[in-house]
Amino acid sequence: MHISIRHKQVQIEDRTFRYLFDNSPLYEDRKYLEARKKGSIAMSELVELARLARINYALFFMPFDSLAPMIEKENEKIFQGFSGNFTISIRGKKVNLNLVRMVIKDLKIKQTFIRKYLGAGNNPHPKYLVNSSRSVAEQAQCILDKIDVSLKDFRATKSKPAAMMYLIDKLEKQNILVALETSTNMPQNMNRAKGVSGVYVKDKRFPYLFIANEGQQDFESGAGRKIFTIMYLVVCMFKGESKMVSLNDIAKESSDDEIYQIVEEMLLPINDLPRKTIYNLEDIDKLSDNLKLTGRAILVRLKHVGLLTDEDNYWVLMSSLKTRFERSQVAQRTAIKEGKSRYVPNVPQNIVAYHGKAFVSILKSLHSDGKLTQRQINLHLAYGRGDIRTSDVFKKV
């Protein structure tokens with residue numbers, strides 16, 4: 001592999017070049033793949049790609065035999081608890097965990113930071129129900145009780161985003177932290193991580209749940225879907241499964257997955273669902289508004305518990321929901337492309353949504369006590385890529 005530096009060709013090991021980028025979020029980047037094919041890259045392009053991948057460009061000049069053990073050690077640290085060779089199968093498709101590499105790494109750094117400043121023992125919830133002999137209904141109620149969630153209060157919120165924040169507030173009081181994908185102030189963007197809904201990053205004291213936007217513009221869009229993802233990951237935590245999940249993975253029609261069964265039982269107990277011979281789209285929309293979940297999740301649950309047995313009725317409704325969602329996605333993308341989108345990122349709100357109130361509250365306290373400088377705040381909340389207006393952020397926690 002050659003690097004062009006001021007009209008000179010500098011040789012580096014091809015294995016080093018590939019290994020660094022293959023273990024980064026840019027492992028499928030067009031410019032990287034083109035450079036591999038050509039066998040050369042300009043120094044300016046290498047520096048830019050390295051910056052985007054958050055790689056110190058000096059590492060490209062290291063011998064492969066010295067570099068490889070360093071990368072393997074970091075991979076083990078970042079992806080500890082995830083099965084497979086840093087990939088997960090989602091309905092036959094391999095999704096590389098490098099797509100969320102910097103997010104997982106960032107959340108693990110946050111867990112270490114929080115442990116330093118919050119005096120708390122081991123969290124009692126991870127693995128609490130591993131190999132439990134309790135019924136699905138008993139496990140569902142157990143989890144709701146442990147995280148102090150009342151379905152009545154959850155559903156009494158004014159909207160799905162409000163219901164989502166109700167859950168997050170309850171979880172953070174139990175030292176279970178939730179990071180919502182935002183369009184700003186994240187260590188990497190998620191544009192390439194299609195299909196990823198969420199990741200449970202385990203920790204004995206401060207487990208973190210990362211919830212992706214699934215193509216939505218902001219973290220409040222698609223709140224019904226995010227609610228299901230949050231609770232799915234909560235059950236994963238109680239059952240001791242550290243994993244990444246996809247939208248398809250948690251919205252499948254099959255009901256043989258115990259985790260999925262528990263989530264359905266928690267959020268949609270059968271006694272809360274109407275019994276009708278035929279359901280229409282208005283019925284599903286009304287249930288969606290009242291129960292604070294997506295129409296799809298409700299439709300699947302109705303089928304699972306035997307309240308919707310007419311296959312034609314089921315698939316017509318499912319098709320209608322899918323078509324409506326796809327149209328909204330197309331309209332959103334078109335508005336962005338044509339410059340007609342009215343969405344303007346709220347940076348302070350985004351910061352709190354991604355980093356979590358608990359983490360930002362710690363920073364606020366340390367900053368007030370003079371233990372964190374403005375520069376350190378910028379590094380924590382914007383990764384040094386800009387100045388943070390701390391007053392705007394801190395007043396939200």
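Modeller: Just after α3, R54 takes a positive phi of about 60 degrees. This is a predicted model, in which local features need pLDDT of at least 70 and side-chain atom pairs count only at pLDDT 80 or more, while totals for chains, interfaces and linings use all residues. Residues are numbered from 1 along each chain as its sequence is written, and side-chain values use heavy atoms, with hydrogens and water left out.

The helix α3 itself spans residues 43-53, where helices (H or I, at least four residues) and strands (E, at least two) are DSSP runs numbered from the N terminus. Its buried residues (under 20% relative accessible area, with exposed meaning over 50%, for a 1.4 Å probe and protein chains only) are M43, L46, L49, A50 and A53. They lie on the same side of α3, because they cover an arc of only 125 degrees around the axis, taken from the directions from the helix axis to the C-beta atoms. On the face turned away from that buried side, α3 carries the exposed residues S44 and R51.

The cover over the buried residues, counted by contact (heavy atoms within 4.5 Å), includes β1 (2-5), α1 (14-22), α2 (30-38), β3 (40-42) and α5 (101-117). Of these strands, β1 and β3 pair in the parallel sense over three bridges, pairing being assigned if DSSP finds at least two bridges between two strands, and H2 stands opposite S40 in β3.
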